[in-house]
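Please read them with the structure open.

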Amino acid sequence: MGSATSELPASRTPLGAAADTGLKIVVVGGFGVGKTTLVRSVSEIRPLNTEEVMTQAGAGVDSTAGVAAKTTTTVAFDFGRISLNDHMVLYLFGAPGQERFWFLWDRLFSGTLGAVVLVDTRRMDDSWYAVDRLEHHGTPFVVAVNRFDDEPVRYSLDEIRQALALPAHVPMVDCDARVRSSGKDVLITLVDHLYAQAMALETTP
């Protein structure tokens with residue numbers, strides 16, 4: 001991505017006394033897609049990151065095709081928090097992207113109400129596992145396409161939906177994981193999706 005900086009709040013916000021609804025959200029996707037960046041950019045608290053410097057031990061194990069400039073990697077999970085309004089708080093868990101850490105995902109999905117699948121069109125195949133596991137668990141999700149400045153081809157959302165064989169009811173949005181307002185829009189899209197699904201269940205005879 002380019003040189004844009006995250007719109008971090010000037011000071012981290014304490015949890016409001018009126019907050020009474022907490023939702024666990026998981027951010028998943030391939031290696032280097034921007035999960036840590038998204039959690040970091042939207043979190044009201046100093047996010048918990050488990051990033052470590054990549055070493056030669058990972059050479060030949062973690063594919064860096066398309067993300068050759070990446071120097072750190074998440075080895076457990078990221079954690080952050082954002083308040084959408086006075087009453088609703090999202091607790092964000094960013095899952096590690098390398099295949100050797102995928103065994104952690106099923107545990108992270110426990111108690112999760114919804115998920116964001118972050119997609120990098122330069123490494124589209126890395127998104128398949130995330131979509132498959134969420135569908136397996138029956139976890140509602142939205143797909144956010146993290147746009148990078150060096151994308152060789154800028155595919156449309158419709159083209160990406162077809163490539164991932166996503167059903168029409170799965171929301172898709174463009175985003176820039178570095179920018180707080182963009183990340184917040186992704187989370188609002190997910191909450192709206194969860195609300196619509198809940199209302200549909202209530203009206204089903």
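1. Start with helix H1. Six of its eight residues are buried, so H1 is largely enclosed by the rest of the structure. The buried ones are Lys-35, Thr-36, Leu-38, Val-39, Ser-41 and Val-42. Keep in mind that this is a predicted model.

2. Next, the largest nonpolar core. It holds 23 residues, and Ile-25, Leu-90, Leu-92, Val-116, Ala-144 and Leu-187 touch the most other members. The elements giving two or more residues to this core are strands E1 (21-29), E5 (88-94), E6 (114-119), E7 (141-146) and E8 (172-175), together with helices H1 (35-42) and H5 (180-203). H5 is the top contributor, with five residues.

3. Leu-90 deserves a look. Beyond its neighbours within four places in sequence, Leu-90 is in contact with Leu-23, Ile-25, Gly-80, Arg-81, Ile-82, Leu-84, Leu-187 and Val-191.

4. There is also a second, separate core. It has 22 residues, including Leu-108, Phe-109, Ala-115 and Val-145.

5. Which residues of helix H3 (residues 128-137) are buried? They are Ala-130, Val-131, Arg-133 and Leu-134. Down the H3 axis, these buried residues fall within an arc of 170°, so they line one face of the helix. In an α-helix, residues three or four places apart point the same way, because there are 3.6 residues a turn.

6. What covers the buried residues of H3? The cover includes E1, helix H2 (105-109), E6 and E7. After H3 comes Gly-138, with a positive phi near 70°.

Note on methods
Residues are numbered from 1 along each chain as its sequence is written. This is a predicted model: local features need pLDDT of at least 70, side-chain atom pairs count only at pLDDT 80 or more; totals for chains, interfaces and linings use all residues. Side-chain values use heavy atoms; hydrogens and water are left out. A nonpolar core is a set of buried Ala, Val, Leu, Ile, Met, Phe, Trp, Tyr and Cys residues joined through side-chain atoms within 4.5 Å. Buried means under 20% relative accessible area, exposed over 50%, partly exposed in between (1.4 Å probe, protein chains only). Helices (H or I, at least four residues) and strands (E, at least two) are DSSP runs, numbered from the N terminus. Contact means heavy atoms within 4.5 Å. The arc is that of the directions from the helix axis to the C-beta atoms.
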